[in-house]
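Biologist: I'm new to this one. Could you show me how to read it, feature by feature?

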Amino acid sequence: MRAVGIIVILLFSTQLIAQEVDLVRLGYASSAISAKQIGMTASADGNLIAFVYADKTIKIFDVSANRFIKRFTGPYTTLFDVQLTPSRIALVAANEVQVWDWREERLVKTLPLTHQATKTAFSGKHALLAVGQKEGNVSIINVDKAEQLNEITYPMHHVSALAIHPNGKSVVVGVMTFLKSLNPLKQFDIATGKILAFSSAGIYSVAVYNDAGTELVTSGMNGLGLKTVINVLDGKDLSFKSQVEMDLIIMNALIPYGGVSMDNKLLSITGSQSFNVNDLQTGNRVFTTMSDKVKLPAYGQLGVGSFNVYPLSKTKLLFNGSKNNINQIYDVKTNSIVGYFFSDSNDDFAIVSRDGRVDGTPEALAKVYWTSRNSNKKTSLESTFEKGFAPKLLSSIVADKAVPQQEFKVEQAVAKVPVITLQSINGKAPGSSMAAQSQLKTAKFDVTVKENLQEITEVKLFQNAKLVKTIPGNGTNKYTFDATLNASLGEDNFFYITASSKSGIESEKIKFTVLYKGATEDKPKLYLVTIGVNTYKNNKYNLNYAQADADGVEKAVKQNSGSLFKEIVNYNIRNDKAVKANILAALDDIKKKSLQQDVLLVYYAGHGVMTEGANSEFYIAPHDVTQLYGKDDMLKDKGISATSLKQYAQEINAQKQVFILDACQSAGALETVAVRGAAEEKAIAQLARSTGTFWITATGSDQFATEFEKLGHGIFTYALLDGINGAADANADKKLTVRELSTFIENKVPELSEKYKGSAQFPSAYSFGNDFPIVTYKE
C-alpha cells in the first residue's frame, strides 16, 4: 500500500514540473466588502466587464473609460451564469433566463427553462446563448432580441459540455448519465435542430472551438475514468485528430469544466476553480493558479457549472480563479498572471499589476492588501499609492501599454515596511479602543517605531483625513506630534499617522480618535477662490469660456451657500490678473486668516500642463506663461506646481478643502493628450491623497470653441454649475455635499460630451478627505 501511495504521488508530481505558478498574494477581509461577487462576464470586444453580486447588484465597467458606467439592482434568484452584449445582459438562473437592457436598467423579458441549468455557452459575436439543462435539453437564445430560437434535446441525465460554432450556425452538445458511461458529442444545426455530426463516445466535461472553428478541443476523462484527457476534433465533422493524457484522476477537481482554446493550448477552469494552461501537443500543464482542492468524483455533477474564461484582447484573458471578489488577468505571451481586478457592489474597485502598480477608488485600495507567506503582515494597496499609482492601469495592461517594471516581490517589500505604534495620547496609553477624550484645545501624540526605523523618510499626521503635519525621518524610534482639536466634524477628531519609507511603501495607518469636549467654534467661513484665464499673453493659448466658467462658479456658490457660512470671503482672479504672484497672495491671505472649521473652495479654469523629463510635475499655467511645452524653466518661474499646491493645502488651517480644476490642453499639444493626461491624473491623485483633500478635475481634456457654443461654458463646468444649482442633490435633502457633486459630475460629463462631441469624456475625482456640505437650498 505504501508503494502504491508513492507511485500516485510521483504521477501527480510530474504535472508540477516546469509549470509557472501565480505567486502574487492579495486578500481582503470578508467583513470589509458590501457583497460577495457571484458572477462576472466580458463583452466580445473586451471593453465592457459586468459583475454580479450576492446583494443582487449588477455593475458594468468600461475598460477604456476606467470606471463603472452602470450600477443597478436586478430581481434575479440564484445566479447560474451571466453573459453580456453592448446593450443587453443575460442572467441565467436555475430555471429561467432574464434578459435586461442594462443601459436603460430595464428587464426586457424572462425566458423559462424546461429544466435546471447545468451548462452554458455564449457567442458574443452573434449574441447567442446556449443553456444546457438536466435531461439533456439545450435552449438557444438570441440575447439582443430576447427570444428563444430553438430548444434542442439530447436525452440524458444532464448536459456536461457545450460549444457554439464561431459561425453561429451550430452547437455541440455533450451529455452525462447519472453513473459513468460513454456518450458521443453531437453537433446540432441551431435553426432546425438537425444532427449534423457526432464524435466517438467519451466522458466530456468541456468543449471549446478555436477562433477559426476548424478544431474543437474537448476535455474530460479517459474511458477507464482514471485520467484527465484532452481531445482535438475536427471542427466540421467532429472526427478524431489527437489525444493527450494529463492528470491521474484522484479527484475530479483536476478536470477542466470550461475555458478557451488559443495558441495551441487549452486555457481552462477546473471543477474547483483552478485556472490551468495545458499544451495541446504534450498535455503538460504549463501554468496553474494551484487552487485545486480535493473533490471526490460525482458523475451526476460532472461538467456542471459556470466556468468561464473571457478574452479581453488577443493575448489577455479575464477569469475568476478564487471564487471571491478578486479576478485575474492572464497573459498568453508571458504565460503569467499580469493583473488583478477587485470589485465590490458599491462603487469600489482596485486594479493591481504584477509589478506592484495600483489603480482604483481610495476605499478599495484600503480594503485590499498584500499578504506574506513568511509572516502575518498585511500591507494595504493604498500603502503603495505614492510609488505605484497608475491611472487607467487596466486598459494599459490589456493593450500592452504598461511600462515594463520588475515583478513586485511581495515578501521583500513587506519585510522592509516600517511598523509604527501609538505610544500615548496626552501622555496616556490609548488602550484597545484607540480613543481618548480632552477638554484642552491641544493634544500631544507619541509614536514609536517598532521595525525598520532606518527605512523611514517621513512620518505624517492626518486629522479628519487632512494632512496637518509632517516630520522628516530622524533615524530614531520616537516621533511626537502636536495637534489642535476642533469640532469641524462634530466632537470626534479622527486621526491617523503613517510613515513613508525609502521603498515608496507606507506603513499601515495607526487610526485613533480624540473626543473634543472644549468650547465650540464659531460658524465656519467659506474662502472662495475662482480663477479664470480666457486671455493669455501668448494669444494662441486663448480660451473661450474660462472667464465665463469662473464667473458662473462664483455666482452659483454665492447664491446657494450663504446660509451655511458666517461669511463668504471671495477672491476673484481673472485674465491678466491671474498671474502667480496674485494667486499665491490670495492663498497666503487664506493661510493667515482661516480656522480649522472653515471651508476652502478653489476653482481654476485655464491651461494645465506636465513638465517633461524624469521628474515631471503638474503645473497650472497663469496668464503670463507664454510657452506651455519645451520651457520647463518658465513653468517653474511663472506656473504654480502641484508641490506648491500641496504645501498650501497642508498649511491652510481649513480642514474642509476642495479644489476644482477645469484645466485643458492646448490645441497644439493634442497629439500627446493621452500621455500627458495620464501623467496629470496621476499627479493630481497623488496630490489629493498626500494632503487628504478633494480634487475634481478635467485635466488632460481638449477644448474648442465650436464644441461649447450651445452651452456657453466648457462641458465640465457646465455640469459643475448644473450640479451646484440643484441637480446633484441626489437624496433631495436640500444640502449638497462634495461627494454628491463629484458623483454627479462624473456621470454628467460623459453624457454631455457624447451629445456635443460625439464621444464620451470622463473627468477625474479623487476624494481622500471627509465629505462635507458646500451648498444648501431653500425649501
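Predicted model: local features only at pLDDT ≥ 70, side-chain atom pairs only at ≥ 80, totals over all residues.

Biologist: Let's start with a helix. What span should the 16 residues of helix H6 have?

Modeller: You count 1.5 Å a residue, using one less than the number of residues. For helix H6, residues 546–561, that gives 22 Å, and the end C-alpha atoms are 22 Å apart, so the two agree.

Biologist: Which residues of H6 are buried?

Modeller: Ala546, Asp549, Ala550, Gly552, Val553, Glu554, Ala556, Val557, Asn560 and Ser561 are.

Biologist: And what do the buried residues of H6 pack against?

Modeller: Their partners include strand E42 (525–532), strand E43 (567–574) and helix H12 (715–727). Strands E44, E47 and E51 are also on the list.

Biologist: Now a single residue. Is alanine 685 buried or exposed?

Modeller: Buried means under 20% relative accessible area. Alanine 685 has 0%, so it counts as buried. You'll find alanine 685 in helix H10, residues 673–691.

Biologist: Leaving aside neighbours within four places in sequence, what is alanine 685 in contact with?

Modeller: With Phe385, Phe389, Tyr766 and Phe768. Take phenylalanine 385: alanine 685 is 300 residues away from it in sequence, yet their C-alpha atoms are 9.3 Å apart in space.

Biologist: How about empty space?

Modeller: The general idea is to roll a probe the size of a water molecule over the atoms, which shows where empty space is left. In this structure that turns up five cavities of 30 Å³ or more. The largest cavity holds about 90 Å³.

Biologist: What lines the largest cavity?

Modeller: Among its lining residues are Val529, Ile583, Tyr604, Leu645 and Phe659. E42, helix H7 (580–593), E44 and E47 each supply at least two residues of that lining. By class, the lining has 11 nonpolar residues, no polar ones and no charged ones.

Biologist: And the second largest pocket: how many residues line it?

Modeller: 39 residues line it, with Arg67, Phe68, Ile69, Glu746 and Asn747 lying nearest its centre. About 1,300 Å³ of space lies in this pocket.

Biologist: Which element gives the most to the lining of the second largest pocket?

Modeller: H13 does, with nine residues. Other elements that each supply at least two include strand E5 (57–62), strand E6 (67–73) and helix H2 (362–367). The lining of the second largest pocket divides into 13 nonpolar, eight polar and 18 charged residues.

How values were computed: Residues numbered from 1 in each chain as written. Heavy atoms only, no water. Helix = DSSP H or I, 4+ residues; strand = E, 2+ residues; numbered from the N terminus. Buried < 20%, exposed > 50% of the residue type's maximum accessible area, 1.4 Å probe, protein only. Contact = heavy atoms within 4.5 Å. 1 Å grid on protein atoms, 1.4 Å probe; cavity = no way out; pocket = protein on both sides within 12 Å on 5 of 7 lines; lining within 4 Å. Points joined across faces, edges and corners; volume = space filled by probe spheres on them. Nonpolar A, V, L, I, M, F, W, Y, C, P; charged D, E, K, R; others polar.
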